[in-house]
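Please report on the salt bridges, the strand pairing and the surface of the model shown here.

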Amino acid sequence: MIKYKNMTKISFTKLQEKYSGMYVLTDKPDGKVVAVSRNLKKAFKEADKKGYSLPAVRFVEPRGTIAIYEIKVSL
């Protein structure tokens, strides 16, 4: 579980149960879910229609999936 100061706890297990294999867009990191879709572009369109032009994005891996991400940052 992730917990930030003055924020509610988000259970990744619960997200997996409900949104497995989908993009989940929230109003802020670990905030309220504003759009969900298997297609990221559609999720952004849905969030934009609801007035969220810059939502936080998370992909929820299906249960049993091992995900390894590599991020390269250059300044």
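E17 and R63 form a salt bridge, with their closest N and O atoms 3.2 Å apart. E17 lies in helix α1 and R63 in the segment after β3, so this pair ties together parts that are 46 residues apart in sequence. A salt bridge here is a side-chain nitrogen of Lys or Arg within 4 Å of a carboxyl oxygen of Asp or Glu. Helices (H or I, at least four residues) and strands (E, at least two) are DSSP runs, numbered from the N terminus.

This is a predicted model: local features need pLDDT of at least 70, side-chain atom pairs count only at pLDDT 80 or more, and totals for chains, interfaces and linings use all residues. Residues are numbered from 1 along each chain as its sequence is written, and side-chain values use heavy atoms, with hydrogens and water left out.

Side chains of opposite charge can pair when their charged atoms come close. A search of the whole structure finds 4 salt bridges.

| Pair | Closest N and O atoms |
|---|---|
| E17 and R63 | 3.2 Å |
| R58 and D30 | 2.9 Å |
| E46 and K50 | 3.4 Å |

Both E17 and R63 are exposed. Exposed means over 50% relative accessible area, buried means under 20%, and partly exposed lies in between (1.4 Å probe, protein chains only).

R58 forms a salt bridge with D30. R58 lies in strand β3 and D30 in the loop between β1 and β2 (33-37), so the pair ties together parts that are 28 residues apart in sequence. R58 counts as partly exposed because its relative accessibility is 24%. D30 is buried, with a relative accessible area of 9%.

E46 pairs with K50 in a salt bridge. E46 is partly exposed at 29% relative accessible area. K50 is partly exposed too, at 49%.

## The hairpin

β1 and β2 form a hairpin with 6 residues between them. D30 sits in the turn and has a positive phi of about 55°. The two strands, β1 and β2, run antiparallel and are joined by 4 bridges. Strands count as paired if DSSP finds at least two bridges between them. V24 stands opposite V36 in β2. In β2, 4 of the 5 residues are buried, so β2 is largely enclosed by the rest of the structure.

T26 belongs to strand β1 (residues 22-26). T26 counts as buried because its relative accessibility is 10%. A polar atom of the T26 side chain lies 2.7 Å from the backbone oxygen of K28. Not counting residues up to four places away in sequence, T26 touches G31, K32, V33, V34, P55 and A56. Contact means heavy atoms within 4.5 Å.

## Helix and surface

Y19 is part of helix α1 (residues 12-19). At 14% relative accessibility, Y19 counts as buried. Leaving out residues up to four places away in sequence, Y19 touches V24, V33, V36 and V60. Y19 and F59 are 40 residues apart along the chain, and their C-alpha atoms are separated by 9.0 Å.

Which residues make the nonpolar surface patch? L40, F44 and V57 do, and the patch is about 210 Å². Patches are made of residues with over 30% relative accessible area and no salt bridge: like charges are joined within 9 Å, nonpolar side chains (Val, Leu, Ile, Met, Phe, Trp, Tyr) within 5 Å. V57 lies in strand β3 (residues 56-60). V57 counts as partly exposed, at 42% relative accessibility.

Methods:
Accessible areas come from the Shrake-Rupley method with a 1.4 Å probe; for residues, only the protein chains shown count as cover. A polar contact is a pair of N or O atoms within 3.5 Å; within protein, one must be able to donate a hydrogen and the other to accept it, and residues adjacent in sequence count only if both atoms are side-chain atoms.
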